[in-house]
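Hi,

Here is the structure I promised to pass on. Please open it alongside this note, and my findings follow below.

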Amino acid sequence: MARRGRRKPRLPLGVEPDGMGALAEEYLMWLAVRNYSEQTIAVRRRGLRTFLMWSTERSLRMPAEITKPILERYQRHLYHYRKKDGQPLSFRSQHVLLTAVRTYFKWLTRQNFLATNPASELELPKLGQRLPRAVLTRREAEAVIAQCDVNECLGLRDRSILETLYSTGMRRGELVALTLYALDVERFTVMFRQGMLLIDLLIPFGERALGWIQRYVDEVRPALVMDPDEGFLFLTQLGEGFTPDHMTDLVGRYVRGAELGKQGSCHLFRHTMATLMLEGGADIRFIQAMLGHVKLDTTQIYTQVSIRKLKEIHTATHPARADRSPREERDEREECGEDELLASLAAEDESGESTMALSEKES
């Protein structure tokens, strides 16, 4: 199939059977045998390929030649590296590349190719908690979706794609891998295998989105599908499943076409769904389940994005609001125990450090 036809670049293998290149291939095969996802293996392959090219240029081909100072030198190389556009690698990219190297040397040690692990104490870059670059309002999301010409076959298909992203917040890779058999029309749910974690995730589907999908399946998909039908829900004009990049281009065109002054594609709808659900009153634990996050910390970033909700709370509770009466101020001071609060603030002033500052030092 065209979407899987391109061969992945091979690692620069050396002639030594016990060299790092050959052992890297064994490591990647070890991951595949243990059912690691294709995405995980591809990420590790890219990370190792980058490291092996760097080490080969310095005539370092055997695992035993790698020491902690050499790995720290490689880390500095990544920090100072500049891409073709002159921009540095983000700390997140550096983190991904170094993680591949660290897990590789951990495997070499466990498989007794090395007596000690030179990467065991390699410190990875600290990652900040980044806010999504853009989030659509409800009106903006509807404006993007409304661009689809549902009187055209591909327009109807595109409408069902955008409705699916908006309703479920699924990732791009999950969307292109979605099959006809994953939909449960009676229960308004969809089941798919989640990304790199290989976890079956069951999430609800909006009634509106499901209605558009059923219309697409009945009216458009039969005209697009070609034998053998591999079961992918959304098909290109060639009757094949989408590639991730093709899906990004398609959704991105609609976002740009709405002329909202915001950029993004599939993940933009994921951020939008989570933020609008939070603003609508959904408990963050339910949003965590929708997004398939293992840790709640990952989901809590959307509490920072939901500025409209924060403004409402600020207006309703801040003591300097315009409609506040003297009696309200007196009653609230008695109710919340203002004396205790002032005492705790005074204690912070005396110590010179707040609890938050101490927590940051400990971490």
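The second largest pocket of this predicted model is lined by Arg-138, Glu-142, Glu-163, Tyr-166, Ser-167, Gly-206, Glu-207, Arg-208, Ala-209 and Leu-276. Its volume is about 200 Å³. Two or more lining residues come from each of H5, H6 and helix H8 (207–219). If you sort the lining by class, you get five charged, three nonpolar and two polar residues.

Next, have a look at helix H10, which runs over residues 244–257. Its 14 residues span 20 Å from first C-alpha to last, close to the 20 Å expected at 1.5 Å a residue.

Which residues of H10 are buried? They are Met-247, Leu-250, Val-251, Gly-252, Tyr-254 and Val-255.

The pairing with H11 is worth a view of its own. The axes of H10 and H11 cross at roughly 65° and come within 8 Å. On the H10 side, Met-247, Thr-248, Val-251 and Val-255 take part, meeting Cys-266, Leu-268 and Phe-269 of H11. Six of the residues in this contact are nonpolar and one is polar, with no charged ones.

Best wishes

Definitions and conventions. Residues are numbered from 1 along each chain as its sequence is written. This is a predicted model: local features need pLDDT of at least 70, side-chain atom pairs count only at pLDDT 80 or more; totals for chains, interfaces and linings use all residues. Side-chain values use heavy atoms; hydrogens and water are left out. Helices (H or I, at least four residues) and strands (E, at least two) are DSSP runs, numbered from the N terminus. The expected span of a helix is 1.5 Å times one less than its number of residues. Buried means under 20% relative accessible area, exposed over 50%, partly exposed in between (1.4 Å probe, protein chains only). Axes are lines fitted to C-alpha atoms, for helices over the stretch in contact, and angles run from 0 to 180 degrees between N-to-C directions. Contact means heavy atoms within 4.5 Å. Ala, Val, Leu, Ile, Met, Phe, Trp, Tyr, Cys and Pro count as nonpolar, Asp, Glu, Lys and Arg as charged, and the others, Gly among them, as polar. On a 1 Å grid over the protein atoms alone, a cavity is a set of points where a 1.4 Å probe fits but cannot get out, and a pocket is an open set with protein on both sides within 12 Å along at least five of seven lines; lining residues have an atom within 4 Å of a point. Grid points are joined across faces, edges and corners, and a volume is the space filled by probe spheres set on the points.
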